[in-house]
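The following note is intended for a colleague who is reading this structure for the first time. Please keep the sequence and the structure in view while going through the numbered points.

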Amino acid sequence: MADKNSSLDWFKSNFLSLFYAILIAIIIRTFFFQAFFIPSSSMEPTLLVGDRIFVSKFSYGYSKHSFPFSLPFINERVLFSEPERGDIIVFKTPENLRIDYIKRLVGLPGDKIQMIDGILHINDIPVKRKKIRSETKLINNGQIRNLLVYEETLPNNISYETFDMGNTRADNTSEIFIPEDSYFFMGDNRDNSKDSRFVGSVPKNNLVGKAQIIFFATEGGSTILEFWRWPFDIQIDRLFKMIN
């Protein structure tokens with residue numbers, strides 16, 4: 001009988017420890033920080049394939065998308081704080097609430113956005129940009145492309161680098177007016193990004209959080225489980241790098 005009670009106590013103790021660990025993890029993920037993996041090149045050169053980042057869930061308040069599986073515990077965004085132009089944000093598009101996107105916020109409610117010959121225009125004013133270097137890049141289909149790297153500066157003086165691969169269908173758009181309580185996002189890799197030019201403006205309730213720091217990075221996206229590749233793939237210079 002004593003052995004049976006001891007086994008039962010052991011089971012209860014371990015079950016409660018596991019329960020509390022899961023509960024704490026859910027609380028941290030929902031209200032504080034969530035980890036994300038960068039699977040595509042749409043935010044290069046700022047974020048690379050294989051970067052693992054922490055996203056702060058509290059930066060813009062909370063909506064149902066703050067919860068695992070977007071459970072509808074709340075209908076509207078609460079404790080909302082307005083995002084700033086230039087923030088890199090994880091969000092869900094109106095057309096697909098199951099997929100997380102990460103892009104840079106360039107258009108605020110009430111703005112008029114247009115791309116003209118590859119240059120971003122905000123309210124009819126071209127965003128300042130200057131060429132800083134040229135690069136060659138291996139793209140998805142195995143081709144090597146020449147590209148230009150520009151430093152782009154938004155009206156609030158936030159600067160960052162963008163890739164330009166030449167003339168593409170995303171270089172020219174019609175005028176796009178940003179509705180109230182909505183935002184316009186673009187990838188820094190301007191010619192290889194499915195962003196608001198294609199999926200439209202994003203309602204504020206679809207914001208998930210603000211990208212803050214790269215905590216782990218592997219070249220080409222090798223997984224954490226592929227530990228035997230770490231000595232060759234880990235990008236030491238990107239570990240614990242703040243995201244701008």
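**Notes on the predicted model**

1. The side chain of R77 comes within reach of the backbone oxygen of L207, at 2.8 Å. Please bear in mind that this is a predicted model.

2. Where does R77 lie? R77 is found in the loop between β2 (51-56) and β3. Is R77 buried or exposed? Its relative accessibility is 9%, and because buried means under 20%, R77 counts as buried.

3. K64 is 13 residues from R77 in sequence, while their C-alpha atoms are 7.7 Å apart in space.

4. Strand β3 covers residues 88-93, and six of its six residues are buried, so β3 is largely enclosed by the rest of the structure. In a regular strand, side chains alternate between the two faces of the sheet. In β3, I88, V90 and K92 point one way, I89, F91 and T93 point the other way, and all are buried.

5. Which strands pair with β3? One is β4 (residues 96-107), which runs antiparallel to β3 and is joined to it by six bridges. A hairpin of two residues connects β3 to β4, and V90 has I102 as its bridge partner in β4. Another is β14 (residues 207-217), also antiparallel, with three bridges to β3. In this pairing F91 stands opposite L207.

6. A separate point concerns an open sheet of four strands, with antiparallel pairing and the order β7-β6-β5-β11. Its edge strands are β7 (125-126) and β11 (176-177), each of which pairs on one side only. Strand β5 (residues 112-116) is joined to β11 by two bridges, and K112 has F177 as its bridge partner in β11.

7. R197 lies in helix α2 (residues 196-199) and, with a relative accessibility of 13%, counts as buried. The side chain of R197 reaches the backbone oxygen of A170 at 3.2 Å. A polar atom of that side chain also lies 2.8 Å from the backbone oxygen of R190. Leaving out neighbours within four places in sequence, R197 is in contact with M115, A170, T173, F184, M186 and R190.

8. Some overall values complete the picture. The protein has three helices and 15 strands, and its C-alpha atoms fill a box of roughly 80 × 45 × 30 Å along the principal axes. Of its 244 residues, 44% count as buried. Among contacts with a separation of 6 or more, 57% are between residues 24 or more positions apart.

9. Finally, the surface and the charges may be considered. The protein exposes about 13,700 Å², of which carbon and sulfur atoms supply 59%. How far apart are the mean positions of the positive and negative charges? There are 29 positive and 29 negative charges, and their mean positions are 3 Å apart.

Note on methods. Residues numbered from 1 in each chain as written. Predicted model: local features only at pLDDT ≥ 70, side-chain atom pairs only at ≥ 80, totals over all residues. Heavy atoms only, no water. Pairing = 2+ DSSP bridges. Buried < 20%, exposed > 50% of the residue type's maximum accessible area, 1.4 Å probe, protein only. Polar contact = N/O pair within 3.5 Å; in protein donor to acceptor, adjacent residues only side chain to side chain. Contact = heavy atoms within 4.5 Å. Areas by Shrake-Rupley, 256 points an atom, 1.4 Å probe, with all protein chains shown as cover. Lys, Arg positive; Asp, Glu negative; His and termini not counted. Charge placed at Lys NZ, Arg CZ, Asp CG, Glu CD.
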